[in-house]
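Dear colleague,

I am handing over the structure below, together with some notes on what was found in it. Please have it open while you read on.

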Amino acid sequence: MKVKLDVLFGLLLSGLYIATAVWVHRQYKPPAVENSGFHLMMGTVVQVTAVADNPAAARRAIQAAFDVLQNVQRTMNDRDPNSELSQINQTAFEQEVQVSPDLFAVLCAARQYSQLTNGAFDSTVGPLVALWRRMETTGIEPTPEEIQEARRRVGYEKVILNPTQQTVRFEAEGMRLDLGGIAKGYAVDAAIGAMKELGIRGGMVDVGGNIRCFGTPPPPAKHWTIGLQNPRAEALSAKIRLDELAVATSGDYRRFVEKGGKRFSHILNPATGESAAELISVTILAPSAMEADALSTAVSVLGREKGLALIESLPEVEAIVIAADKPEELIFTSGAAAYLLK
Ligand code: AMP
Ligand code: MG
């Protein structure tokens, strides 16, 4: 019996030794890093990076992320007449429409951000966006009457969401949901979730400046970092340490229409129907990409004073903004400096 116990103990020890050796080897074996390159999707540029034990695992994770992004694009693109969102836009005034779980979750989140931002974020801006898009293609500026008419069809409180039935209904005719200010962030979170599920070491998903990372960065880096561009200086003006944080940047420099020396941003103030003009760049750091996305759009509308006050009131959220009248200066919320790298 004594001998048997000794053998058992010996076996256990050697088992432990092998497990430790495997663990140590895994820790020090350099990971495989794969990058998707740039892809045009969701009306912007998408890039995914995966860090895994081997190239095949990294590529599988990248594919999983793209599958998720594709799915969100198919569901929530208001420019595609066959998307689920377009079906809602066409019929939700006449009747209640059943909504898929993903889309329903985004609609609920959008409403929460509307409430939080006092309506500065409002995904029912579709009718105003249509006027803006007309200007983008034809150069015809919306008249005050057209803006007023469109605004009657805007307002998150006119969207009735039924959580038990998972349905949506519009209270005004001609309403149009536009998830351009939140869906990219949602997609990034979902894609990161899919990569994590595969158990890889780390990854990054970037959908047009909506970025989230997790785990180990590509060696030799110790942190996931991003460069923040000054839109008027065309130079990297700050480097931010992200690690597990998400980041989103909204601004007038990527998408705008210029007329008579004036810039019209694609971000619209639902209260006035006008383009947001005070801030030329708004970067938000937040625990989730969806939160960063929605809040970057909202702060663009709210402007410097109200926007930064809102962000200061939110735990774990920081902002870095550039004002139109002082384009060379970066303005930070109180906690943002902690994430800057020199
Ligand atoms: P982002 O680039 O995330 O700031 O989103 C801008 C996009 O969101 C626009 O192209 C519109 O599709 C949509 N949008 C514009 N204004 C608003 C707003 N006030 N609230 C929510 N979405 C908006
Ligand atoms: Mg946004």
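A residue is taken to be near a molecule if one of its heavy atoms lies within 4 Å of it. Please keep in mind that this is a predicted model. On that definition, 16 residues surround ligand 1, and the closest are Asp178, Ser250, Leu268, Asp293 and Thr297. Sorted by class, this shell holds 7 nonpolar, 5 polar and 4 charged residues, and helix α8, which spans residues 289-312, gives the most to it, with 3 residues.

Several polar atoms of the protein lie next to ligand 1. A polar side-chain atom of Thr297 is 2.8 Å from an oxygen atom of the ligand, a backbone N or O atom of Gly181 is 3.0 Å from an oxygen atom of ligand 1, and a polar backbone atom of Ala120 is 2.9 Å from one of its nitrogen atoms. Of the 500 Å² of accessible area that ligand 1 has on its own, the protein covers 94%.

Gly181, in the loop between β6 (167-170) and α7 (183-197), and Thr297, in helix α8, are 116 residues apart, so the pair links distant parts of the chain. Gly181 has a relative accessible area of 13% and is therefore buried, and Thr297, at 15%, counts as buried too, because the cut-off for a buried residue is under 20%.

With best regards

Methods
Residues numbered from 1 in each chain as written. Chains lettered and ligands numbered in written order. Predicted model: local features only at pLDDT ≥ 70, side-chain atom pairs only at ≥ 80, totals over all residues. Heavy atoms only, no water. Polar contact = N/O pair within 3.5 Å; in protein donor to acceptor, adjacent residues only side chain to side chain. Areas by Shrake-Rupley, 256 points an atom, 1.4 Å probe, with all protein chains shown as cover. Helix = DSSP H or I, 4+ residues; strand = E, 2+ residues; numbered from the N terminus. Nonpolar A, V, L, I, M, F, W, Y, C, P; charged D, E, K, R; others polar. Buried < 20%, exposed > 50% of the residue type's maximum accessible area, 1.4 Å probe, protein only.
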